Amino acid sequence: MSYYFTILSPTDVPLFNIAFGTSKSGGDGIARFRFPDTAQYMNQFIIHSSLDMVEEAQWMNGNMYLKHIDTYPPASAYISAFLTPSGARFLLLHQPPHAAGPNANAGGGGGGGGIGGSSSILGGSFAAGSSAARASASSIAANPTSPQTEEAVRQFMAEVYENYVKTVMNPFYRQGMEIRSAVFRSRVTAAGRKWL
Amino acid sequence: MSSTTKASRIGEELWKTRVDKVNAELVTLTYGTIVAQLCQDYDGNYQEVNKQLEKMGYNIGMRLIEDFLAKSNIGRCANFRETADMISKVGFRIFLNIAPTVTNWTSDNNQFSLVFDENPLADFVELPDDGRAQDELWFSNILCGVLRGALEMVQMQIEAHFVSDVLRGDDATEMRVSLVRYIEDEMPPEEE
């Protein structure tokens, strides 16, 4: 599973972003997106394109965590969102690992709703053949819309939120400024390692 | 060490009974804003910011000693070592609810260090990453001025400065305090 995490200001200015990979099931924490040569800007593009969904969803209930709100099937990218009361948006793009083999490719292009189920089935069938696939099948990565994943992302968001609050309380941080704090970055990385 | 434990008992007692509490974030954010504003006003001239903070502290200290003596009702210290214990265990306890460690005495008992395990003024703070603040700004420099002002009003001329700060990436926050002289009673306080 590869992740791309962004914090957007209330006026859609990116304040912070970071890419990382899963550390669960023997992952090394390095992001491996499916299309590495375009990932850098495509991830941002996909995340920004989900903002309409965020704005629609944000008034539906009082929760800050909006769960999985958008899917971009061509890159099989899933977006989860978290709102802070001041209007900053935390957006997490997650992309399940690129399962090797012809079966996986066939399933990879499917519709957004079906992907969660089909990829877990594929993962299960691979488990006999490849140990790497088995690792991913048992992790949250295999099923981006499962309750376990939602819960892990929620924990991640909550921890980042806690650190975000501390960061914006820094007297030298001005509202709407890019977050350049190395401490914050390392804490986000740590949260990613812990929950994702 | 009996004077130290006595001092910490007095400090605890006063903190529990005589001190009005105020929200810590209010203090932290107010002080942080002052420092940030000074940095902006002096256009990143951190030496000048340090100096201004020290001066502000000096003016606070001169009044604060009155409040301190009224609250604590303690008499004159017998020596500078006792003074150090009073500063750390009573003074810092009742005004900031911390008790920095007194350590690194010189052999003539005229210089010591206060090592701050925690510093409520610097919560949440990260120094600006302009490459200079880390080397030049003493974020909590107001405390040096407070000590200088307060002790001057009780006939002690001291010099205080920070030698390390966790905000700069050091292992500890340490302030060096040295006694310059005891001021004779007739001397008017120097003007500032």
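In chain B, β2(B) and β4(B) pair in the antiparallel sense over 6 bridges. Strands here are DSSP runs of E with at least two residues, helices are runs of H or I with at least four, and both are numbered from the N terminus. Two strands count as paired if DSSP finds at least two bridges between them. Within β4(B), Thr173(B) is the bridge partner of Phe116(B).

This is a predicted model, in which local features need pLDDT of at least 70 and side-chain atom pairs count only at pLDDT 80 or more, while totals for chains, interfaces and linings use all residues. Residues are numbered from 1 along each chain as its sequence is written, and chains are lettered from A and ligands numbered from 1 in the order in which they are written.

**The sheet of chain B**

β4(B) also pairs with β3(B), in the antiparallel sense over 8 bridges. Along that pairing, Ser164(B) has Glu174(B) as its bridge partner, and Ala160(B) stands opposite Val177(B). The 4 strands make an open sheet in the order β1-β2-β4-β3, with antiparallel pairing. β1 (101-103) and β3 of chain B are at the edges with a single partner strand each, so one side of each is left without a neighbour in the sheet. From one strand to the next, the twist averages 25°.

Two helices of chain B are placed against these strands. α4(B) lies across β1, β2 and β4 of chain B and runs at about 155° to β1(B). α6(B) packs on the sheet, touching β3 and β4 of chain B, and its direction makes about 165° with that of β3(B). For these angles, axes are lines fitted to C-alpha atoms, for helices over the stretch in contact, and the angles run from 0 to 180 degrees between N-to-C directions. Two residues are in contact if their C-beta atoms, placed from the backbone, lie within 7 Å.

**The cores**

In soluble globular proteins, nonpolar side chains tend to be buried together. A residue is buried if 20 or more other C-beta atoms lie within 10 Å of its own, exposed if 12 or fewer, and partly exposed in between, with C-beta atoms placed from the backbone. A nonpolar core is a set of buried Ala, Val, Leu, Ile, Met, Phe, Trp, Tyr and Cys residues joined through C-beta atoms within 7 Å.

The largest nonpolar core has 40 residues, and those touching the most other members are Leu137(B), Phe139(B), Leu143(B), Leu147(B), Met175(B) and Val177(B). Among the elements of chain B that each supply at least two residues of this core are α2 (24-41), α3 (46-72), β2 (111-116) and β4 (173-182). A second, separate core of 33 residues includes Met157(A), Phe184(A), Val188(A) and Trp195(A).

Leaving out residues up to four places away in sequence, Val177(B) touches Gln111(B), Phe112(B), Leu114(B), Leu147(B), Ile158(B) and Ala160(B).

**A buried glycine**

Gly11(B) lies in helix α1 (residues 2-17) of chain B. Gly11(B) is buried because 22 other C-beta atoms lie within 10 Å. Apart from neighbours within four places in sequence, Gly11(B) is in contact with Lys89(B), Val90(B), Arg93(B), Ile94(B) and Ala99(B).

**Chain A**

Chain A has 7 helices and 5 strands. Its pattern along the sequence is β-β-α-α-β-β-β-α-α-α-α-α. Of its 196 residues, 37% are buried. The 5 strands form an open sheet in the order β2-β1-β5-β4-β3, with antiparallel pairing. β2 (14-21) and β3 (65-72) of chain A are the edge strands with a single partner each, so one side of each lacks a neighbour in the sheet. The twist averages 20° from one strand to the next. β1 (residues 2-8) of chain A is joined to β2(A) by 7 bridges, and Tyr4(A) stands opposite Ala19(A) in β2(A).

| Helix | Strands touched in chain A | Angle |
|---|---|---|
| α6 (residues 147-168) of chain A | β3, β4 (77-83) and β5 (89-95) | about 115° with β3(A) |
| α7 (residues 182-195) of chain A | β1 and β2 | about 40° with β2(A) |

**Between the chains**

At the interface, 11 residues of chain B are in contact with 8 residues of chain A. The side belonging to chain B has 7 nonpolar, 2 polar and 2 charged residues. In this count Ala, Val, Leu, Ile, Met, Phe, Trp, Tyr, Cys and Pro are nonpolar, Asp, Glu, Lys and Arg are charged, and the others, Gly among them, are polar.
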